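Trainee: I would like to go through the contact between two chains, one point at a time.

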There are 2 protein chains.
Amino acid sequence: MSLGGLLGEETGAAPQQVRTEPIQQRSAARLSGLLDAAAAVVDEVGFDRITTAMVAERAGASIGTVYRYYPDRVAVLHALHERAVVRFRQRVVDELSASTLTSWWDAVDCVVTAFVGLYRTEPGFRIVNFDDRDGAPVADVVADADFFARRLADVLVNEFDLPAGDDLIFRLGVAVEMADALLARAFHTDPIGDERFIAECRLVMRDYLDRFYSPQALNLLATAS
Amino acid sequence: MSLGGLLGEETGAAPQQVRTEPIQQRSAARLSGLLDAAAAVVDEVGFDRITTAMVAERAGASIGTVYRYYPDRVAVLHALHERAVVRFRQRVVDELSASTLTSWWDAVDCVVTAFVGLYRTEPGFRIVNFDDRDGAPVADVVADADFFARRLADVLVNEFDLPAGDDLIFRLGVAVEMADALLARAFHTDPIGDERFIAECRLVMRDYLDRFYSPQALNLLATAS
DNA sequence: GGTCACCGAGTGGAATTCAATCATCCTGGT
DNA sequence: ACCAGGATGATTGAATTCCACTCGGTGACC
């Protein structure tokens, strides 16, 4: 869910994130200022205790300004989530290009590293755990996670010759779900992140995927076919 | 978090779940009636869309009655969560005694089976995923999960001779976190539960714990010491 | 002068309180 | 045994408070 959506472009029907596209430059600053304020508030009170008034005050704006840009309270959270996802994507790219990758494992490791890094440095990053259990488009979350799994699958297929297919996507989806849970646990209390859970997350990722995609497993697949 | 707390007695400082302990028998019925109503509403609108008025109306009571028993809205959710956990514990016990257990794996499997069964039959069981990101007692959730891991560890140590210790408890905590995430995913959309995720959950549990507690791994441990 | 931004009192709905009322239990007198 | 009637438990719903969200009015930019 939270790791879900990573690497993905907006899902086709971007649900009108902002009401008004900023025309003047000052409003662009307002917009990011609002998100910065929201991020700070998220760190202080958590994202379900957040109120529009808090965000406005923290941003040095008035309630009306918040509503000028966002249709409602959750839209702010969605936007913050979106920004966090974008920054995460960027971080993953940075991490990948800064590392020498010798196997798919290194790529997966980079993803974990990026996620952990942002948890530590990006204000309000816990927003990635925000899941709108709304009535309307529940499928969005699933589609989101699925989309990320697909993108990651593409990378692993193209760069490391993993066998493409629905199985790979499904397993990456499972891996995302598990990593998400373990890292959320690692940072649930500890703002630095409990190293034990982080390390165990890396280990689980590797073991789980190794079952199917270790060199040995791949050899077996190759000889069997 | 959600599987967390299973098998555990209430954490020492039970945070005043109900305002008034029921004295007369009719109020006991009221209390469970309120929870039944809350469970139904949870299934209909989800546990963040729930309103006290909905619960009251569904239970055939008035708003005031809800507040007689619960200090606020989230207290109702906490109570429902608590009841779900209790029923889960019972189900695990039933499941364990109804099965012939030949190894620790069977016990773990029973836990998964019990969880899945309740997801399918217990109204509002998704409340187990309710995690109050409140300011106050964040430690409760952690302590909760830890407590469950301890209890499960006790069972596995006593019944199947797994090596006791903090490592076992930690790993069970990790397993709980992962199972929780995968089963929540399985039931996120599908009310019957996506079998693929359920099966993968069982597989992951076994593989992960096998790494440390398979007969082979235990033999290595024994010979090494 | 005409948009673009912004403001903040006002509106409405949901959460929560509380004083009044009803139901049940208890006790002592017959 | 029975019952009156006070004490305490239980219920009610109108009133209050809090918060998301609207909108007509005021300046800022171009």
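Predicted model: local features only at pLDDT ≥ 70, side-chain atom pairs only at ≥ 80, totals over all residues.

Trainee: How much area do chain B and chain A bury between them?

Mentor: The size of an interface is often given as the accessible area lost when the parts come together. Here 32 residues of chain B are in contact with 31 residues of chain A. Of the area buried between chain B and chain A, 58% is on carbon and sulfur atoms, and the total is about 3100 Å².

Trainee: How far apart are the closest N and O atoms of E177(B) and R185(A)?

Mentor: The rule finds 6 salt bridges across the interface of chain B and chain A. E177(B) and R185(A) form a salt bridge, for which the cut-off is 4 Å. Their closest N and O atoms lie at 3.5 Å.

Trainee: Which element gives the most residues to the side of chain B that touches chain A?

Mentor: Two or more residues each come from helix 6 (139–160), helix 7 (166–188) and helix 8 (195–213) of chain B. With 11 residues, the element that gives the most is helix 7 of chain B.

Trainee: How many charged residues are on that side of chain B?

Mentor: By class, the side of chain B that touches chain A has 15 nonpolar and 2 polar residues. The charged residues there number 15.

Trainee: What is the helix percentage over residues 51–70 of chain A?

Mentor: UniProt, in an unreviewed entry, places the feature "DNA-binding region" at these residues of chain A. The end C-alpha atoms of residues 51–70 are 13 Å apart.

Note on methods. Residues numbered from 1 in each chain as written. Chains lettered and ligands numbered in written order. Heavy atoms only, no water. Contact = heavy atoms within 4.5 Å. Buried area = accessible area lost by both parts, 1.4 Å probe. Salt bridge = Lys/Arg side-chain N within 4 Å of Asp/Glu carboxyl O. Helix = DSSP H or I, 4+ residues; strand = E, 2+ residues; numbered from the N terminus. Nonpolar A, V, L, I, M, F, W, Y, C, P; charged D, E, K, R; others polar. UniProt positions renumbered as here; feature names shortened; annotations may be inferred.
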